[in-house]
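Colleague: Please take me through this model one feature at a time, and tell me how each is to be read before you turn to the case at hand.

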Amino acid sequence: MRTEVVGAGGARIGVRVAGADSGPPIVFVHGWAQSARAWDAQFADPRLRERFRLLALDLRGHGGSDVPSGGYDDPAVWADDLAAVLGLAGEPAVVVGWSYGALVITDYVRVHGTAGLAGIVLVGGITEIGKGHPGGWVGSAMRSALPDALADDIDVALPALTRLIGEMSVNPLPGAVAQAMLGASLSVPPPVRAALFSRDVDSAEVLASIDVPTLVTHGTEDATVDPRAGEYAAGKIPGAATRWWVGVGHIPFVEAAPEFNETLARFVEERAQGAPAER
């Protein structure tokens, strides 16, 4: 099912919803130049659908959401967009942030604290952005894709985005998955793709303030976001648990979907039972 909520400044934020109406909610936040479809392997998993309520938003400027002219550099805008989706969830949710989605979760905590959050899962995530911020270290694949991936000229942007998607995983992605990801990237207007990189954000104090169970997960072979960014976040968040995906790249929820889904289900079930995250 598709629905929408009203985010910051009246922007319509598209939300994909599935699963058990009465189950503990999981809110998925995708990465830069992607969409809610990034979580297809989670929405298709019978255990997740039967046990939990699944919600995945399209970030503003992405997928089926509105494309406002501004606000992409404002933490409060990202925070309020996510708050609107959490409101739809109706009860404290585990939020799962992949790549840039982890920064959106950090924005939420910066503005709203951990209200409405039962737990946090960071997946190959950045929690900072800008020169010199260790929580935003990117890998060789992202460095080589920029700035061409931001270009208006399709002859410049297309090869860069194609190469980036190809380098996100250790093994080649199925053709349908790779093409869907490329289509999602191309559907994001170039000014939006660029605007998401126009920020300078330090999050050390924000990460240290997190007081809900948190799991930091990262592929050891991630060439898009350097695993050191995950190590940084895990070191700053009090009591954070970690899960390193050995031999996996930037998208463990695709590359190792069954194991990722099992790990996520266990984490959410433990939150529903009030247990602390296992380190």
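Modeller: Let us begin with burial at Ser99, which counts as buried because its relative accessibility is 10%; buried means under 20% relative accessible area, exposed means over 50%, and partly exposed lies in between, with a 1.4 Å probe and protein chains only. The model is a predicted one, in which local features need pLDDT of at least 70 and side-chain atom pairs count only at pLDDT 80 or more, whereas totals for chains, interfaces and linings use all residues. Residues are numbered from 1 along each chain as its sequence is written, and side-chain values use heavy atoms, with hydrogens and water left out.

Colleague: Where does Ser99 lie, and which residues does Ser99 touch, not counting those up to four places away in sequence?

Modeller: Ser99 is in the loop between β5 (93-98) and α4 (100-112), where helices (H or I, at least four residues) and strands (E, at least two) are DSSP runs numbered from the N terminus. With contact taken as heavy atoms within 4.5 Å, and residues up to four places away in sequence left out, the neighbours of Ser99 are Gly31, Val123, Gly124, Gly125, Ile126, Val225 and His250.

Colleague: How should I read the nonpolar core, and which of its 95 residues touch the most other members?

Modeller: In soluble globular proteins, nonpolar side chains tend to be buried together. A nonpolar core here is a set of buried Ala, Val, Leu, Ile, Met, Phe, Trp, Tyr and Cys residues joined through side-chain atoms within 4.5 Å. In the largest such core, Val27 and Val96 touch the most other members. Setting aside residues up to four places away in sequence, Val96 is in contact with Val27 itself, and its other contacts include Ile26, Phe28, Val29, Trp39, Phe260 and Leu264.

Colleague: How is strand β3 covered on its two faces, and in which sense do β3 and β4 pair?

Modeller: For β3 (residues 25-29), 5 of its 5 residues are buried: Pro25, Val27 and Val29 cover one side, while Ile26 and Phe28 are on the other. Strands count as paired if DSSP finds at least two bridges between them; β3 and β4 pair in the parallel sense over 5 bridges, with Phe28 opposite Ala56 in β4. On β5, which also runs parallel to β3, the two strands are joined by 4 bridges, and Gly97 in β5 is the bridge partner of Val29.

Colleague: Why is strand β2 described as largely enclosed by the rest of the structure?

Modeller: Strand β2 (residues 12-19) has 6 of its 8 residues buried, so it is largely enclosed by the rest of the structure. With β1 (residues 2-6), β2 pairs in the antiparallel sense over 5 bridges, Val5 having Ile13 in β2 as its bridge partner. These two strands form a hairpin with 5 residues between them, and Gly9 in the turn has a positive phi of about 65 degrees. Strand β2 also runs antiparallel to β4 (residues 53-57), to which 5 bridges join it, and Ala18 stands opposite Leu54 in β4.

Colleague: How many salt bridges are counted, and which residue does Arg2 pair with?

Modeller: Side chains of opposite charge can pair when their charged atoms come close. Taking a salt bridge as a side-chain nitrogen of Lys or Arg within 4 Å of a carboxyl oxygen of Asp or Glu, the count comes to 13. Arg2 forms one with Asp58, the closest N and O atoms being 2.7 Å apart. That pair links distant parts of the chain, Arg2 in strand β1 and Asp58 in the loop between β4 and α3 (75-89), 56 residues apart. Arg2 is partly exposed at 48% relative accessibility, whereas Asp58 is buried at 2%.

Colleague: What is the closest N to O separation between Arg51 and Glu269?

Modeller: In the salt bridge between Arg51 and Glu269, the closest N and O atoms are 3.8 Å apart. Arg51 in helix α2 (residues 46-51) and Glu269 in helix α12 (residues 257-272) are 218 residues apart, so this pair too links distant parts of the chain. Arg51 counts as partly exposed at 33% relative accessibility, and Glu269 as buried at 17%.
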